[in-house]
Amino acid sequence: MLPFEYMDRAVLKRITQCKNGELFKSYPYLNTPQVQAAVERYYKSGYFRYLKLDERLNKLLVPDLKKLLSGAGLPVSGKKSNLIQRVKESVSPAAIDAAIPPKDYIAFSEKGQAYYDGLCSRFDDEYDTLVMNMYRNLLDYKFDAAYRLMCSFEKVQFFNRGLGVGWEKEEKRG
């Protein structure tokens, strides 16, 4: 797996876990030009889609739904499903969009999900191979070789993208 693909795998997962506008606030170490360029590239390439109204409402917490309802002068009691139904029936779409902007709530498109699943599968295979090779070295009491394997793996996955520590210093040690 190429280093940028590993970085993209991590970024893609985090993008879909938080509101788009909060990505770099929630994960400040991702706030690099490389990551921002990757995010922009994936938007333009159709790897994401905006969540539909029902999906956005389901992502809200009950207190947020109650705030939306109370702002419209509606009752705020009931289960989450009842609150969502009340919002959909009684609050104007413009008010909902103002409270929970579509551009802040994204998910993988089919294309994006397939790409992400492929990256995860490839990374898992590479990681399994690394673990097996390290295990063999440890059984043969080749601790330095096991350590170098881990350092080289980390260098490829992190350092080349500026996301990790300087493993090249550790390689010179051996």
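This is a predicted model: local features need pLDDT of at least 70, side-chain atom pairs count only at pLDDT 80 or more; totals for chains, interfaces and linings use all residues.
**Exercise 1.** Find which residues of helix α3 are buried, and work out how they sit around the helix axis.

*Solution.* Start by locating the helix: α3 covers residues 33-44, twelve residues in total. From first C-alpha to last, α3 reaches 16 Å, close to the 16 Å expected at 1.5 Å a residue. Next, pick out the buried residues, which are Val35, Ala38, Val39 and Tyr42. Now look down the axis: the buried residues of α3 fall within an arc of 100 degrees, so they line one face of the helix.

**Exercise 2.** Decide whether the ring pair Phe48 and Phe108 is stacked or edge-to-face.

*Solution.* First, check the distance: the ring centres of Phe48 and Phe108 are 5.8 Å apart, and pairing needs centres within 6.5 Å. Then check the angle: the planes of Phe48 and Phe108 sit at 15 degrees, and under 30 degrees counts as stacked, so this pair is stacked. Now place the partners: Phe48 is in strand β1 and Phe108 in strand β2, 60 residues apart.

**Exercise 3.** Is Phe48 buried or exposed, and what about Tyr141?

*Solution.* Buried means under 20% relative accessible area, and exposed means over 50%. Phe48 comes in at 10%, so Phe48 is buried. Tyr141 has 65%, so Tyr141 is exposed.

Notes:
Residues are numbered from 1 along each chain as its sequence is written. Side-chain values use heavy atoms; hydrogens and water are left out. Helices (H or I, at least four residues) and strands (E, at least two) are DSSP runs, numbered from the N terminus. The expected span of a helix is 1.5 Å times one less than its number of residues. Buried means under 20% relative accessible area, exposed over 50%, partly exposed in between (1.4 Å probe, protein chains only). The arc is that of the directions from the helix axis to the C-beta atoms. Rings of Phe, Tyr and Trp (its six-membered ring) pair if their centres lie within 6.5 Å; planes under 30 degrees apart count as stacked, over 60 as edge-to-face and the rest as tilted.
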